[in-house]
Amino acid sequence: MSKEVYLAGTITNLKDRGRTWRQNMQNWLEERGEVVFSPPDRELELFTKYDIPPSVLYCDSNKVSPSVKGQLLGDILDFDLDRIEYYSKYCIFYITECSWGTAGELTYALRLRIPVYIVTKQRLRSFAAARPKGTQARIFQNFDQLKNFLKYTYGLKVRK
């Protein structure tokens with residue numbers, strides 16, 4: 001399997017669970033020959049395995065027992081971290097708010113020295129000082145800046 005681009009970012013509390021930005025970025029990357037992994041696409045398989053509708057997991061609800069919810073979240077976390085470790089060429093993070101899952105993925109990718117590209121309007125002043133030495137990480141204010149960087153850095157051109 002070829003190395004892929006991992007799309008990470010907040011899912012909880014977003015009206016579309018982050019699908020719009022992921023789909024736009026995935027389309028752009030795939031037009032340029034990149035293989036892309038988007039975690040929400042995989043999660044639907046796990047919801048089916050546990051017979052849980054996705055809307056129940058991402059809200060405060062007593063419809064799912066804490067043990068089942070914990071097992072499902074653990075499966076999601078294990079799968080996503082394995083995907084980062086074994087398959088990712090680089091990771092793109094879209095950070096709109098604090099998210100434990102996204103923070104964990106970011107930390108893990110940095111620790112593994114996988115290049116990380118973050119799109120956010122949030123101020124991350126301490127990020128440069130706090131990240132592990134020798135890691136490749138860049139912060140962009142918008143997706144156009146990121147795309148220009150990726151075109152130059154990875155030679156991404158539209159494939160015919």
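Me: Is T102 buried or exposed?
Reply: In this predicted model, local features need pLDDT of at least 70 and side-chain atom pairs count only at pLDDT 80 or more, while totals for chains, interfaces and linings use all residues. Residues are numbered from 1 along each chain as its sequence is written, and side-chain values use heavy atoms, with hydrogens and water left out. Buried means under 20% relative accessible area, exposed over 50% and partly exposed in between, with a 1.4 Å probe and protein chains only. Because its relative accessible area is 6%, T102 is buried.

Me: Which residues is T102 in contact with, leaving aside its neighbours within four places in sequence?
Reply: T102 has its place in helix α5 (residues 100–111), where helices (H or I, at least four residues) and strands (E, at least two) are DSSP runs numbered from the N terminus. With contact taken as heavy atoms within 4.5 Å, and neighbours within four places in sequence set aside, the partners of T102 are G9, T10, F93 and I95.

Me: At what angle do helix α2 and helix α4 pack?
Reply: The contact is made by P39, R42, E43, L46, F47, K49 and Y50 of α2 together with V68, Q71, L72, D75, I76, F79 and D80 of α4. Axes are lines fitted to C-alpha atoms, for helices over the stretch in contact, and angles run from 0 to 180 degrees between N-to-C directions. On that basis α2 (residues 39–50) and α4 (residues 66–87) have axes 10 Å apart and pack at an angle of about 145 degrees.

Me: How many residues apart in sequence are the parts that Y90 and Y154 tie together?
Reply: Rings of Phe, Tyr and Trp (its six-membered ring) pair if their centres lie within 6.5 Å, and planes under 30 degrees apart count as stacked, over 60 as edge-to-face and the rest as tilted. Y90 and Y154 are stacked, at 4.4 Å centre to centre with 25 degrees between the planes. Y90 counts as buried at 0% relative accessibility, whereas Y154 counts as partly exposed at 26%. Since Y90 lies in strand β3 (residues 88–95) and Y154 in helix α7 (residues 143–154), the pair ties together parts whose separation in sequence is 64 residues.

Me: What is the C-alpha to C-alpha distance of I118 and I139 in space?
Reply: I118 lies in strand β4 (residues 116–120) and is buried, with a relative accessible area of 0%. I118 and I139 are 21 residues apart in sequence, and in space their C-alpha to C-alpha distance is 4.7 Å.
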